[in-house]
Structure formats: structure tokens, C-alpha cells
Amino acid sequence: MVFKENNKAIYLQIADKISDDVLTGLLQVGARIPSVREYAATLEVNANTVMRSYEHLERLGVIFNRRGIGFFIADNAREVIINGRRETFLNGEVQYFFHQLMLLDITPEEAKTMYENYLKEKSK
């Protein structure tokens, strides 16, 4: 995993990656995720960083822990992730996006066409 050089903590970037994998179907409901040590070795990060990611996702209700067995994807993980991200997007990021559209004189029609083209590319 390549970590972004931004102000977002690495443990949150890891949590986002796991959430992305749930949304794309790479991780299914009920699936066991790698152990903290396993995932830390894969990502080449400290196990404490991965543990923070798992604790964060557990607090959100995306994963749950079965003592002695491991962490698993919760039944409602997809809904929890979508609801959280929609709230974040609609309450913050979309305002910046609209502001940029306005500053760059991008019309709603242009934005719609770009979005439709983006969706076509992603569906290939």
C-alpha cells in the first residue's frame, strides 16, 4: 500500500483501504481480515498502527472481534461506511468541489458529461 503524503494519519489511511475493499466487494460480510501482525507485515508498518486502524473500524461498527479467532467484517459494514462517507462528503468535500467548479467556470453540463465519462471508464 502506498501512503499519501497528506495530513491524514496512516492508521486512518489503512482504515480507508479496508473500507474501500468492503465497498468494492473485495472483502465480504463475515469475512475474516488478516491478523494485526499479518497485515502490519504486508503493509510494512508497525503492528500498533494496524491495531489503531482495527480499533477505529471496530468503534464505527465496520468490523468486530471474536476473541482468539480474529477480526471479521460486520453484517452492516457497507451501510456504515457509505453513511459515514456520504456525511463527510456532503458536509465538507462537496462544498470545495462546487467552489472549484465555479472558479474554473465549469458548467453543470460539463461536470455531468465528465462524470458520465468517468463512470463509463470505471465500468470497463
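The dialogue below goes through the predicted model of one chain, feature by feature.

Me: What should I know before reading the model?
Reply: Residues are numbered from 1 along each chain as its sequence is written, and side-chain values use heavy atoms, with hydrogens and water left out. The model is predicted: local features need pLDDT of at least 70 and side-chain atom pairs count only at pLDDT 80 or more, while totals for chains, interfaces and linings use all residues.

Me: How many helices and strands does the secondary structure of the chain come to?
Reply: Helices (H or I, at least four residues) and strands (E, at least two) are DSSP runs, numbered from the N terminus. Here there are five helices and two strands, in the order α-α-α-β-β-α-α from the N terminus.

Me: In which sense do strands β1 and β2 pair?
Reply: Two strands pair if DSSP finds at least two bridges between them. Strand β1 (residues 63-66) pairs with strand β2 (residues 70-73) in the antiparallel sense, over four bridges. Within this pairing, N65 stands opposite F71 of β2. The hairpin has three residues between the strands, and G68 there takes a positive phi near 80 degrees.

Me: At what angle do helices α2 and α3 pack?
Reply: Axes are lines fitted to C-alpha atoms, for helices over the stretch in contact, and angles run from 0 to 180 degrees between N-to-C directions. Helix α2 (residues 36-43) packs against helix α3 (residues 47-60) at about 120 degrees, with the axes 8 Å apart.

Me: Which residues make the contact?
Reply: Contact means heavy atoms within 4.5 Å. From α2 come V36, Y39 and A40, and from α3 come A47, V50, M51 and Y54.

Me: Where does E44 lie, and is E44 buried or exposed?
Reply: Buried means under 20% relative accessible area, exposed over 50%, and partly exposed in between (1.4 Å probe, protein chains only). E44 lies in the loop between α2 and α3 and counts as exposed, because its relative accessibility is 72%.

Me: What share of the residues in the chain is buried?
Reply: Buried residues make up 26% of the 124 residues.
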